[in-house]
There are 2 protein chains.
Amino acid sequence: KVPALPPASGPRASVTLEADDGQWTRPSKTYDGIRFSGLDQINTTNVKQLRPAWTFSTSVLRGHEEAPLIVNNTMYLVTPFPNILYALDLTQPGAPVKWQYEPKPESAAQGVACCDVVNRGPAYDNGRIYYNTLDNHVVAVDANTGKEVWKTRVGDINMGETMTMAPLVVKGKVLVGNSGGEMGVRGWLKALDAGSGKVLWTAYTTGPDADVLIGPRFKPFYADHKGKDLGVSTWPGTTWKIGGGSVWGWLTYDPAANLVYYGAANPGPWNPGQRPGDNKWTSTIFARDPDTGEAVWAYQMSPHDLHDYDGVNESLLIDVPWKGTVRHALLHPDRNGYVYLMDRLTGEVLSAEPFVHITTTKGVDLKSGRLQYIEGMDAGIGKVTRDMCPAPPGGKDWQPSSFSPRTGLAYIPHQNLCYDAEGLEANYIAGTPYVGMNVKMKAGPGDPANHRGELTAWDPVNMRPAWKITESFPVWSGTLVTAGDVVFYGTMDGWFKAVDARNGQQLWQFKVSSGIIGQPVAYRGPDGKQYVAVVAGVGGWSGAIVAGGLDARDSTAALGFVAAMADLPQKTTKGGTLYVFSLP
Amino acid sequence: KVPALPPASGPRASVTLEADDGQWTRPSKTYDGIRFSGLDQINTTNVKQLRPAWTFSTSVLRGHEEAPLIVNNTMYLVTPFPNILYALDLTQPGAPVKWQYEPKPESAAQGVACCDVVNRGPAYDNGRIYYNTLDNHVVAVDANTGKEVWKTRVGDINMGETMTMAPLVVKGKVLVGNSGGEMGVRGWLKALDAGSGKVLWTAYTTGPDADVLIGPRFKPFYADHKGKDLGVSTWPGTTWKIGGGSVWGWLTYDPAANLVYYGAANPGPWNPGQRPGDNKWTSTIFARDPDTGEAVWAYQMSPHDLHDYDGVNESLLIDVPWKGTVRHALLHPDRNGYVYLMDRLTGEVLSAEPFVHITTTKGVDLKSGRLQYIEGMDAGIGKVTRDMCPAPPGGKDWQPSSFSPRTGLAYIPHQNLCYDAEGLEANYIAGTPYVGMNVKMKAGPGDPANHRGELTAWDPVNMRPAWKITESFPVWSGTLVTAGDVVFYGTMDGWFKAVDARNGQQLWQFKVSSGIIGQPVAYRGPDGKQYVAVVAGVGGWSGAIVAGGLDARDSTAALGFVAAMADLPQKTTKGGTLYVFSLP
Ligand SMILES: O=C(O)c1cc(C(=O)O)c2c(n1)C(=O)C(=O)c1cc(C(=O)O)[nH]c1-2
Ligand SMILES: O=C(O)c1cc(C(=O)O)c2c(n1)C(=O)C(=O)c1cc(C(=O)O)[nH]c1-2
């Protein structure tokens, strides 16, 4: 059932668009993170003729979350562990491999990653490809020759750190963060000099202001974000040192404000009884000056996070007509189930409306900015609490949304999951899981077999869904929206789909070789034609049951995700393959 | 350069065709092994519109040689080790998995296989799927439910045995053979009762007549094939017990004559000095009664085989106008470089003409039936002999040919390789390589970068190629020919191609995800449309450099094949994916 969208004549969210050069130089394409392609050859009328133009095997069986990049008629693809970087020559028939770069990460890193051995993609800047390896190296590779320019180790697998996120390169700085919130790491964002690979600054998520790079320029909007060393005082003792807040998600950048935006992950361990306090600055969005790393504002979505409502999700930078003016805003569909619309210059929450079924909280108080928890809806030690929604992966996880300035809608891929859980005492041992909770996930409201996922088209001005599509499995792929008014996304059971951006009507689908959790992109080929590319290859946290061959009978496996995905192995098989589609 | 074929008005080879039911129940489709599809929806005019209809990942990265089967609107696919059997439901969009059967073969079998851990496909018969696992089990699986019906172990990995071949089911008997010619096994063909899995008879390749099932009905055509216990007397001492002659290739069946045909493999070790004599019955075609296993005739293509000119290649059963009459013939493109046309009732060689460049022999004497070796063109101990052609994989290897009764031509996929070698003393240790030769392969005559493979359309009546296509890499896939006069084949660098069966003109190609060494098939879908399917996934002996990640600098790796394939890793990546193509 697809509700019709009235022709959007009223006020709409928008962005300042530049002409599309047909390239795709970073996973989100543009700094504002909207994943909008200006190409319109493929449109709502002809998309039904779309068909694979060529395909490529990545040689890797685990979950493929990466976005392929397209620069100077070359496609760049980075695989999950062992993080091979392929350069494919788009000027030749069938796009043969130009070169491949193998960083040979340490095998032990695979055992440290929480949620499959994924990689979310590389970033292109000024003749180089930058990306992170699972074993905590940032590498710079010459985009023409495939030769390594530098390689810098920034983390330690023995401390539970890994790296899965895609760097953002801003003003000659490569911004990267660590993973390991489930292993008692201390989260950080680092800036490396793009030329040399030298670390220029490090902004920790927890700890004293000096480490968090909170100084005189820091002006949070809300009162309870003000005060000295909150990254220490909101934790018992020295637990902030192993308190998580890793930085494994998305960064966006506003060049006019010269601010980067990103979210820090959940506090650790999950068992909240071990960390009374707000646990700042976990589950928090930071706005920082990329030159110095200084925090300009911060906003904690989920203080004292009870549910792994990690804050790393994407922030799309859009302009929104708001009470008679236009606000330079940030749209952040958070794991806790609310879509936050915030003033991106001040950190003020303009609205926070639910996009999924929520039983754990009853809203966000716009005065104080505080999330309103519901009493008793959290897992105590030795007590099973049921029907908490959303589940730990949240209303949505890392899978990135897109936004079309043509429709004014954001296309949010996400899940519909709830959970039961029981707290456990967690003991910290460096480099091992530090979670303290037994979790069993399950489908949210609706038909459990056919409604574990949704694609929601969100209207930021009216603060409500314009339309929704339900999917059997969590929609764990990114979305892409084009000037042809087509939204592309993939399903975990292996369908790559095109829907009408205006009303969600399905226009086309193709069955790829494995479930899709990758990020679709669009580009103009050397022949002037529009192509759409996506990497298939099921896995990630949600697909661990297939990619890791887990036993469906062990319902707490994969931190409880297996319980909700027991039927996935009947629906798809693992294996990484790039699909490139075009019109005939 | 494609020479035009004059409209074939003269006499032509043929077969008796039955109406095509649109299924594909064994790798060669029909008992005569011609791999001809009677479907003609896809033809030389419209094939250029062919495009993938759906795809499926096998979850396995090694070489995929298997043919998919199509029975009762279900597709059956068996993977390389670990030999998973998938049933895909063709009546549902995207052909989801109906069930999968996992035999869980012993991991150690992988180290015993000579030439990648491949499987050439299952066979369907009477409601069951039969196939071999790498660790020497024959399994029968209920085609509807995926439940194992029986599982019989017929060989021993500790003795160097593995199984890679596709069974042939004839009159309620499942005919299977072993691999391990490079490990000092003793080759055999066994018949198992299709109902119970009980072994009904075993026909060894070497040893006393009683073991070879040579008895009163045995009437070979040539004098030197007559005599008692030649399987013992043509070997020094008891070396026949470890003399190879495995049965890892193709069987065909003539119901009128009630004879099965198959080739036994090369003698071991490769170093010929260790086994003076004809080494019967290695490199030999047998005609046997499937009811009892009794040999009716035999013909040894390469007596005292000097070059691993293993005799397992396919024998296509065709009828050929010959000197005023029609002969019930068998067309056998052998590894030694000659296409044999034989009377399939008597074992008489009607013609044996070269289809590749040959420097090791100067022809087959049709009087005596004997291959004429050229003096000095073999590898002695401590002496390097150069430019021997064809190389050990032969003029062609296991990759099966097809035949069209419409054109009267056989479509032979093959290689153009020569080699240098030096003999070494081989010591027999059970379950370990027993070869005794250092081999380096290289391209045969022609441009070495662009001509290591060929597709030859062979005219059996005129005993010459009608046309040839050259390919950069060995053509290691099977061929398929259809009533639409289209020949399909794949290349090791990942192109699936359609050419005109009449003249070899290329009509269409598609770049799949990995090099193709599988067997293309055609079928009619539940929607009445014609589909063409092939599994991509480079590997096998020729592709071991990619599938096994071998070092290109070690030129004797993969028994010398790596030397000729050093550039393959730049051209393709590994990974098994099924492609199903149709017209829009
Ligand atoms: O706290 C962390 O450091 C961390 C890291 C990762 C990761 O690096 O993939 C995930 C998560 N947390 C996480 O909470 C989560 O839901 C998640 C899903 C996935 C995935 O790839 O599907 N990774 C991660
Ligand atoms: O002698 C044997 O038992 C034996 C077995 C196999 C096999 O089982 O794959 C091959 C060969 N020999 C062989 O000679 C050969 O050329 C070959 C190629 C391949 C392949 O899969 O690409 N297998 C084999």
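## Relation of the two chains

In this predicted model, chain A can be superposed on chain B with an RMSD of 0.0 Å.

## Confidence in chain A

The mean pLDDT of chain A is 96, and 98% of the residues in this chain reach 70 or more. Residues 1-7 of chain A, however, have a pLDDT below 50. Beyond near neighbours in sequence, this stretch has 10 contacts in the model.

Ligand 1 has 21 residues around it, of which E65(A), S179(A), G180(A), S246(A) and D397(A) come nearest. Sorted by class, the shell around ligand 1 consists of seven nonpolar, seven polar and seven charged residues.

Several polar contacts to oxygen atoms of ligand 1 can be described individually. The side chain of S246(A) places a polar atom 2.6 Å from an oxygen atom of ligand 1. In the side chain of R120(A), an N or O atom is 2.9 Å from an oxygen atom of ligand 1. W541(A) contributes through the backbone: one of its backbone N or O atoms lies 2.8 Å from an oxygen atom of ligand 1. Ligand 1 exposes 470 Å² when taken alone, and the protein buries 99% of that area.

## The surroundings of ligand 2

Around ligand 2 there are likewise 21 residues, and the closest are E65(B), S179(B), G180(B), S246(B) and D397(B). The shell of ligand 2 divides by class into seven nonpolar, seven polar and seven charged residues.

An N or O atom in the side chain of E65(B), one of the closest residues, is 2.5 Å from an oxygen atom of ligand 2. For R335(B), the distance from a side-chain N or O atom to an oxygen atom of ligand 2 is 2.8 Å. A polar side-chain atom of E182(B) lies 3.0 Å from an oxygen atom of ligand 2. On its own, ligand 2 has 460 Å² of accessible area, and the protein covers 99% of this area.

Key. Residues are numbered from 1 along each chain as its sequence is written. Chains are lettered from A and ligands numbered from 1 in the order in which they are written. This is a predicted model: local features need pLDDT of at least 70, side-chain atom pairs count only at pLDDT 80 or more; totals for chains, interfaces and linings use all residues. Side-chain values use heavy atoms; hydrogens and water are left out. A residue is near a molecule or strand if one of its heavy atoms lies within 4 Å of it. A polar contact is a pair of N or O atoms within 3.5 Å; within protein, one must be able to donate a hydrogen and the other to accept it, and residues adjacent in sequence count only if both atoms are side-chain atoms. Accessible areas come from the Shrake-Rupley method with a 1.4 Å probe; for residues, only the protein chains shown count as cover. Ala, Val, Leu, Ile, Met, Phe, Trp, Tyr, Cys and Pro count as nonpolar, Asp, Glu, Lys and Arg as charged, and the others, Gly among them, as polar. pLDDT is the predictor's confidence in each residue, from 0 to 100. Contact means heavy atoms within 4.5 Å. Copies are superposed by least squares on the C-alpha atoms of residues with pLDDT of at least 70 in both.
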